[in-house]
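Hi,

Here is the model I promised to pass on.

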Amino acid sequence: MAHVLVVTSGKGGVGKTTSTAALGAALARGGERVVVIDFDVGLRNLDLLMGAERRVVYDLIHVVQGTAKVSQALIRDKRIDTLFLLAASQTRDKDALTEDGVERVIRELRPFFDWIICDSPAGIERGASLAMRYADSAIVVANAEVSSVRDSDRIIGLLDSTTAKAKHGQQMEKYLLLTRYDAIRAGRGEMLGVEDVLDILCIPLLGIIPESKEVLNASNMGTPVTLSNPASAPARAYSDVARRLKGEEVPLVVPSDKSGLLNKLFGRRAA
Amino acid sequence: MRLMDLFGRQRTAKTAQHRLQVLLMHERAAPGRADLIPLLREDILAAIGKHIPVDSDKVQVRVERGDVVSLLEIDIEISTLAQHLLQRRAPVFDVRQAGMR
């Protein structure tokens, strides 16, 4: 039975979709059966980052409304055959997503996968709320920046109050994924440090993804960064996160693309 | 090959630009016709269904949108029982008799 993960943040542009694609690919490359679902109805982008934008026929709304079976809407990745995408609709209104429909889709997918990763839209409205509703645990993606941290705090509140787990009196597991992290600037005191963010949000740290040009290269190519350049710093960081998700103990370091003295000094200090 | 390629530097922005051009060309060409493919599927299935029973759950539709041509692929699983019916009712459609095998 699949574990359902939501990748959420509140704020836009912090790296939810990048993280969903990178983690989905890293898990699937390790042999896990993974489906990534785009909940951003009207503004889908996970298909682009997965390089499947030309192949979308049916989407989440078709499945929710019964036009297509979930098996007919899944798009199999061309590189890894245990990785699947369920795209969001580009044209429908987000109100077409219903609570019952989403619940059924997730129930139908659970027996066939190890991981169901729900890529939440930004904001706290319907799409975001339904993306987290049936999750078993949550990855809160944040940048070390004031507005992102504030929005993450808001999202943590929603995860604890509006999800199915919360309503059944259970505790939703929440993990922080700090993305676009610049160890040098944090070391210089120009950016919030890891400890600063952890002090405020008080949830366990799942990983730190360094700021890297490889992320843009990967999105240009439509290949998750963990596949486009597995040796790059963000790819190694995401692969470590994937191993932690599977329950492995992986020491937390911030991988780096550079090997300069300053970076070594500050990189270590920040880690 | 450009000099940058020699040094192993990929120029991914070019790929990004091309991908966006193809994608947006398709999206702009079809405002309000986004459900064209599901519609085509229904019509094709209805046409085939006149001759052979088709289980709509056993149909896979795939699309590959290209810059010059797009490919629409519809896999229809026909049960052996349905093929049997086909042979008995409409021998005209029997591919073996038509010498195609």
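Before the notes, one term: I call two residues in contact, or touching, if their C-beta atoms, placed from the backbone, lie within 7 Å.

Now the housekeeping. This is a predicted model, where local features need pLDDT of at least 70 and side-chain atom pairs count only at pLDDT 80 or more, while totals for chains, interfaces and linings use all residues. Residues are numbered from 1 along each chain as its sequence is written, and chains are lettered from A and ligands numbered from 1 in the order in which they are written.

**Confidence**

The predictor gives the complex an ipTM of 0.81, along with a pTM of 0.87. Where pLDDT is low, the predicted coordinates should not be read in detail.

**Chain A overall**

Chain A has 14 helices and 8 strands. These are DSSP runs numbered from the N terminus, with helices being H or I of at least four residues and strands E of at least two. Its radius of gyration (over C-alpha atoms) is 18 Å, which agrees with the value near 18 Å for a compact globule of 271 residues; the globule rule is 2.2 Å times the number of residues to the power 0.38. Along the principal axes, the C-alpha atoms of chain A fill a box of roughly 60 × 40 × 35 Å. Of contacts in chain A between residues at least 6 apart in sequence, 74% join residues at least 24 apart.

On burial, I count a residue as buried if 20 or more other C-beta atoms lie within 10 Å of its own, exposed if 12 or fewer, and partly exposed in between, with C-beta atoms placed from the backbone. By that count, 57% of the 271 residues in chain A are buried.

The largest nonpolar core has 94 residues; a core here is a set of buried Ala, Val, Leu, Ile, Met, Phe, Trp, Tyr and Cys residues joined through C-beta atoms within 7 Å. Val34(A), Val35(A), Ile116(A), Ile117(A), Cys118(A) and Tyr238(A) touch the most other members. Leaving out residues up to four places away in sequence, Tyr238(A) touches Ala22(A), Leu23(A), Ala26(A), Ile209(A), Val225(A) and Thr226(A).

**The sheet in chain A**

Strands pair if DSSP finds at least two bridges between them. In chain A, 8 strands form an open sheet with mixed pairing, in the order 3-4-2-5-1-6-7-8. Strand 3 (75-76) and strand 8 (205-210) stand at the edges with a single partner strand each, so one side of each has no neighbour in the sheet.

Strand 2 (residues 34-38) of chain A runs parallel to strand 4 (residues 83-86), joined by 4 bridges, and Val34(A) from the core list stands opposite Leu83(A). Strand 7 (residues 173-181) of chain A is largely enclosed by the rest of the structure, because 7 of its 9 residues are buried. Parallel pairing links strand 7 to strand 6 (residues 137-142) over 6 bridges and to strand 8 over 4 bridges. Leu178(A) stands opposite Ile208(A) in the latter pair.

**A loop residue**

Ala96(A) lies in the loop between strand 4 and helix 5 (99-109) of chain A. With 17 other C-beta atoms within 10 Å, Ala96(A) is partly exposed. Not counting residues up to four places away in sequence, Ala96(A) touches Val41(A), Ile61(A), Val64(A) and Gln65(A).

**Where the chains meet**

The contact takes 15 residues from chain A and 19 residues from chain B. On chain B's side, helix 2 (12-29), helix 3 (36-49) and strand 1 (59-64) give two or more residues each, and helix 2 gives the most, with 8 residues. From chain A, the buried residues of helix 11 pack against helix 2 of chain B, as well as against helices 1, 2, 12 and 13 of chain A.

In chain B, strand 1 pairs with strand 2 in the antiparallel sense over 6 bridges, and a hairpin of 6 residues joins the two. Strand 2 (residues 71-76) of chain B is hardly covered, with 0 buried among its 6 residues.

Cheers
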